[in-house]
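Here is a colleague's note to read alongside the model. Please keep the sequence and the 3D view open while going through the numbered points.

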Amino acid sequence: DNIFTWPPEKLAALRSLPTQLEEALDALERSHDFLTAGGVFSEEFVKSWASARRKDAEHFIGNPHPAEIEMYYGF
């Protein structure tokens with residue numbers, strides 16, 4: 001289907017994807033049945049993986065990206 005040809009009422013039903021890691025983790029924690037279906041991943045694995053990625057996100061939030069340093073600090 002070409003979404004650019006959809007009528008406005010059908011387009012209104014579209015949802016956007018997360019743009020931040022925290023948003024993606026929130027979505028994963030709300031809906032991850034597809035990962036645990038058939039025993040592919042355990043509930044505990046999904047929770048521990050999401051927790052570890054939240055720690056990663058906290059690390060990046062507190063540290064500037066090299067491009068930010070170059071742009072704003074003139075190094």
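1. The side chains of R54 and D26 meet in a salt bridge, with 2.5 Å from N to O; the term is used here for a side-chain nitrogen of Lys or Arg within 4 Å of a carboxyl oxygen of Asp or Glu. Because R54 lies in helix α4 (residues 43-61) and D26 in helix α2 (residues 21-30), the pair ties together parts that are 28 residues apart in sequence. Helices here are DSSP runs of H or I with at least four residues, numbered from the N terminus.

2. A word on the basis of these values: this is a predicted model, in which local features need pLDDT of at least 70 and side-chain atom pairs count only at pLDDT 80 or more, while totals for chains, interfaces and linings use all residues. Residues are numbered from 1 along each chain as its sequence is written, and side-chain values use heavy atoms, with hydrogens and water left out.

3. R54 also forms a salt bridge with E29, where the closest N and O atoms are 2.9 Å apart. This pair too links distant parts of the chain, with R54 in helix α4 and E29 in helix α2, 25 residues apart.

4. K10 counts as partly exposed, at 37% relative accessibility, whereas D1 is exposed, with a relative accessible area of 81%.

5. Please also look at the nonpolar patch that I3, F4, L11 and L14 form on the surface, with about 410 Å² of accessible area together. Such patches are made of residues with over 30% relative accessible area and no salt bridge, nonpolar side chains being joined within 5 Å, and the areas come from the Shrake-Rupley method with a 1.4 Å probe.

Key
Patches are made of residues with over 30% relative accessible area and no salt bridge: like charges are joined within 9 Å, nonpolar side chains (Val, Leu, Ile, Met, Phe, Trp, Tyr) within 5 Å. Buried means under 20% relative accessible area, exposed over 50%, partly exposed in between (1.4 Å probe, protein chains only). Helices (H or I, at least four residues) and strands (E, at least two) are DSSP runs, numbered from the N terminus.
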